[in-house]
Amino acid sequence: MVDGDDGAPLTIGAFAARARLSAKALRLYDRLGLLAPAYIDEASGYRYYRADQVERARLVAMLRQLDMPLARIAELVEASDGAESGELLAAYWCDVEARFAAQRTLAAYLRARLSGRSSEMYEKFEVRLVDVPEQVIVTETRHTLADELPVWIPASLGRLEEAAGECGGAVGAPFVVYCSAVSMESDGPVECCVPVADEAGARAWAAAAQSRSRQFGARLEPARRLAYTRITKAQVAHPQILAPYEAVEAWMRREGWDYDGPCREIYFADWDAAGAEDPVCDVAFPVRRG
């Protein structure tokens, strides 16, 4: 049996009182693998704790109050030293603040919509038409949720731009096609695309590049007429990007255009070199006359 600091083991009730937690919470922490009893009596099933486990119990409870996911709590409490634990907490809180900032922006956007001021937001975006000729493209397709897009899109476009060297070279701006809705609940799919010069080379590359983890392709993208609006790097972030999408759709309804394919984002600028207010992307819908 394990002794407490006074030479006796701490029952779950005594330990709960010392840790200022409930016995129910301690059982939950045990079930989640965050704080196991030091000893369980095989005959009675009673749980016993050491006095030196109090600090960990209180730490777990406070981290739970920060809504930290269980996996990240486990990583933090098992960290090798206090400096590492502090870095893990700081990284988590940066993620929380970024999420709160996005939610604050989304709340402001929704408040404007619900109060009937959507048209004021849409007026900020100038919508134009452009005719895009037929083009050969190499593609990578993936089912992905919204929070994965900022990592997956640049990585995918990087792979495709590298592959373009085997396909006569890139001959146009890369773009991303949203084949179906993408959110925190809906996973697309999403298709990254790079226009290339050599159709035969593109099809040969796609056939050779296929793997279980990545779905590559090559096809002839038909000529399209696009209704689009140009946005800055800051406006690409979610939820800011919702407004330009809706602005283009509102313009389409007003001007009598119908959808002629899935929406897309066309990235024409050097993303890494661009500042927050620099134009980098066209939000576009293929259109036809209704």
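Which residues are linked with Glu191 in a network of salt bridges? Arg219, Glu221, Arg224 and Arg264 are, together with Glu191 itself. The legends below describe views of a predicted model.

**View 1. The whole chain, with ten helices and twelve strands.** The predicted model has a radius of gyration of 27 Å. The globule rule gives 19 Å for 290 residues, so the protein is more spread out than a compact globule. Its C-alpha trace spans about 85 × 55 × 35 Å along the principal axes. Of the 290 residues, 39% count as buried. The protein exposes about 16,100 Å². Carbon and sulfur atoms supply 52% of that area. Among contacts between residues at least 6 apart in sequence, 66% join residues at least 24 apart.

**View 2. The salt-bridge network around Glu191 and Arg219.** Glu191 and Arg219 form a salt bridge, with their closest N and O atoms 2.5 Å apart. This pair links distant parts of the chain. Glu191 belongs to strand S7 (residues 190–196). Arg219 belongs to strand S8 (residues 215–221). Arg219, with a relative accessible area of 27%, is partly exposed. The network also takes in Glu221, Arg224 and Arg264.

**View 3. The salt bridge between Arg225 and Asp131.** The structure holds 17 salt bridges. In the one shown here, the closest N and O atoms of Arg225 and Asp131 are 2.7 Å apart. Arg225 sits in strand S9 (residues 224–232). Asp131 sits in strand S4 (residues 127–132). Arg225 counts as partly exposed because its relative accessibility is 35%.

**View 4. The salt bridge between Arg159 and Glu140.** Side chains of opposite charge can pair when their charged atoms come close. Here the side chains of Arg159 and Glu140 meet at 3.0 Å, N to O. The pair joins a helix to a strand: Arg159 lies in helix H7 (residues 149–163), Glu140 in strand S5 (residues 135–142). They are 19 residues apart. Is Glu140 buried or exposed? Glu140 is buried, at a relative accessible area of 2%. Arg159 counts as partly exposed, at 23% relative accessibility.

**View 5. An open sheet of three strands.** The strand order is S1-S3-S2, and the pairing is antiparallel. Strand S1 (10–11) and strand S2 (39–40) are the edge strands. Each of these pairs on one side only. Strands of a sheet pair through backbone hydrogen bonds, either parallel or antiparallel. S1 pairs with strand S3 (residues 47–49) over two bridges, in the antiparallel sense. Thr11 stands opposite Tyr48 in S3.

**View 6. A nonpolar patch on the surface.** Four residues form this patch: Leu66, Leu89, Trp93 and Phe100. Together they have about 310 Å² of accessible area. Leu89 lies in helix H5 (residues 82–114). Leu89 has 31% relative accessibility, so this residue counts as partly exposed. Patch residues need over 30% relative accessible area, and Leu89 stands at 31%.

Note on methods: Residues numbered from 1 in each chain as written. Predicted model: local features only at pLDDT ≥ 70, side-chain atom pairs only at ≥ 80, totals over all residues. Heavy atoms only, no water. Patch = residues over 30% accessible without salt bridge, like charges linked within 9 Å, V, L, I, M, F, W, Y side chains within 5 Å. Areas by Shrake-Rupley, 256 points an atom, 1.4 Å probe, with all protein chains shown as cover. Helix = DSSP H or I, 4+ residues; strand = E, 2+ residues; numbered from the N terminus. Buried < 20%, exposed > 50% of the residue type's maximum accessible area, 1.4 Å probe, protein only. Rg over C-alpha atoms; globule rule 2.2 N^0.38 Å. Contact = heavy atoms within 4.5 Å. Pairing = 2+ DSSP bridges.
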